[in-house]
Amino acid sequence: MLIGKVIGNVWATRKDPKLSGLKLMVVEIKEGSSVKSIVAADYIGAGIGDNVIVVSGSSARHVFDNETPVDATIVGIIDSLE
Amino acid sequence: MLIGKVIGNVWATRKDPKLSGLKLMVVEIKEGSSVKSIVAADYIGAGIGDNVIVVSGSSARHVFDNETPVDATIVGIIDSLE
Amino acid sequence: MLIGKVIGNVWATRKDPKLSGLKLMVVEIKEGSSVKSIVAADYIGAGIGDNVIVVSGSSARHVFDNETPVDATIVGIIDSLE
Amino acid sequence: MLIGKVIGNVWATRKDPKLSGLKLMVVEIKEGSSVKSIVAADYIGAGIGDNVIVVSGSSARHVFDNETPVDATIVGIIDSLE
Amino acid sequence: MLIGKVIGNVWATRKDPKLSGLKLMVVEIKEGSSVKSIVAADYIGAGIGDNVIVVSGSSARHVFDNETPVDATIVGIIDSLE
């Protein structure tokens with residue numbers, strides 16, 4: 001899973017109806033020395049500024065019903081890394 | 001999901017018949033400091049210049065019927081990121 | 001999907017029998033400022049020098065019978081990008 | 001599979017209940033000249049400092065019951081590379 | 001599929017029992033100007049120094065029985081690229 005930080009919300013009026021009701025958030029992922037931003041569906045009530053665990057690929061669908069067309073889902077809020 | 005910008009259409013006369021009728025678009029994806037172009041199937045009527053959400057991997061098929069051989073699909077037009 | 005250019009053929013006498021009869025081609029993929037070469041199965045009769053669309057991941061199997069162990073398949077020859 | 005080194009534990013009180021009971025560890029992966037950190041579920045009792053084999057993608061779920069929403073799982077402790 | 005060169009064996013006494021009996025090899029993959037090392041299961045009797053074709057992702061499982069938790073499998077020994 002990826003370690004990221006939630007930095008914003010994504011608003012999209014026109015979208016696949018299968019995404020309706022999902023909260024989509026922008027998550028910043030550090031990969032070595034570079035940083036990239038992705039969109040992840042939120043499953044656990046994450047907020048901006050939270051450090052989160054993001055599951056990617058087909059497993060992101062398994063958080064839901066396996067039919068929701070997402071490839072990244074926030075599955076945990078990190079308390080600490082030690 | 002990836003955040004991208006639609007920059008063009010792809011025309012391909014010779015292709016897998018399972019892709020017939022799909023609108024294929026070139027989408028520019030920013031990854032850190034570099035930019036790459038991919039081809040995504042359009043599911044929602046995106047146009048050139050739109051900022052879009054692209055779902056990748058097997059979830060890109062789930063937007064359709066799970067049999068269409070695509071690995072990237074435009075599933076939303078971004079109104080705003082905040 | 002990825003945009004690539006076919007630059008060669010791959011010959012492999014010893015291989016998984018499930019790949020027998022498949023034409024395997026070397027395709028150059030541009031990712032930002034760097035270029036990488038991958039091997040893709042050809043589904044549509046592509047030739048060296050063709051600009052092609054390559055589908056990756058599990059969708060590459062869906063072009064065939066979903067059992068062929070490939071992770072990249074050439075599914076279209078690009079006429080133009082505009 | 002990826003070669004990594006376990007460098008820590010991840011604590012997350014708020015998480016997808018399907019992850020409950022899983023030990024989540026931070027694993028450092030070397031990719032060429034850069035290093036990135038990912039979170040992997042531990043299946044074999046790895047400890048901090050261990051050099052490990054990490055399986056990624058949907059195969060990370062196959063280590064468990066195919067429903068656990070993980071995309072990286074520690075499946076081996078490396079004795080030696082030779 | 002990826003083009004790689006086998007550079008070693010991986011020994012792991014403690015591992016997921018579903019990996020027992022599999023030969024795990026270190027394969028060097030060139031990606032543009034950088035080189036990374038991955039672990040791949042060998043399906044065809046590859047040896048150190050061989051140039052090989054590696055299939056990745058869920059297709060790596062399809063080489064076996066679709067249950068073996070691998071994400072990279074050596075499926076061919078390259079005779080020549082031309």
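**Symmetry, strands and a pocket**

Student: Chain B can be laid on chain A with an RMSD of 0.0 Å by a turn of 72 degrees and a shift of 0.0 Å along the axis. What relation is that?

Tutor: It is the relation of a five-fold axis. The superposition is by least squares on the C-alpha atoms of residues with pLDDT of at least 70 in both copies. This is a predicted model, in which local features need pLDDT of at least 70, side-chain atom pairs count only at pLDDT 80 or more, and totals for chains, interfaces and linings use all residues. Residues are numbered from 1 along each chain as its sequence is written, and chains are lettered from A in the order in which they are written.

Student: How many bridges link S2(A) to S3(A)?

Tutor: The two pair in the antiparallel sense over 8 bridges; A:Val27 has A:Ile38 of S3(A) as its bridge partner. In their hairpin, with 2 residues between the strands, A:Gly32 takes a positive phi near 65 degrees.

Student: Which classes make up the lining of the second largest pocket?

Tutor: The lining has 9 nonpolar, 5 polar and 7 charged residues. Asp, Glu, Lys and Arg count as charged, and Gly is among the polar.

Note on methods: Heavy atoms only, no water. Pairing = 2+ DSSP bridges. Helix = DSSP H or I, 4+ residues; strand = E, 2+ residues; numbered from the N terminus.
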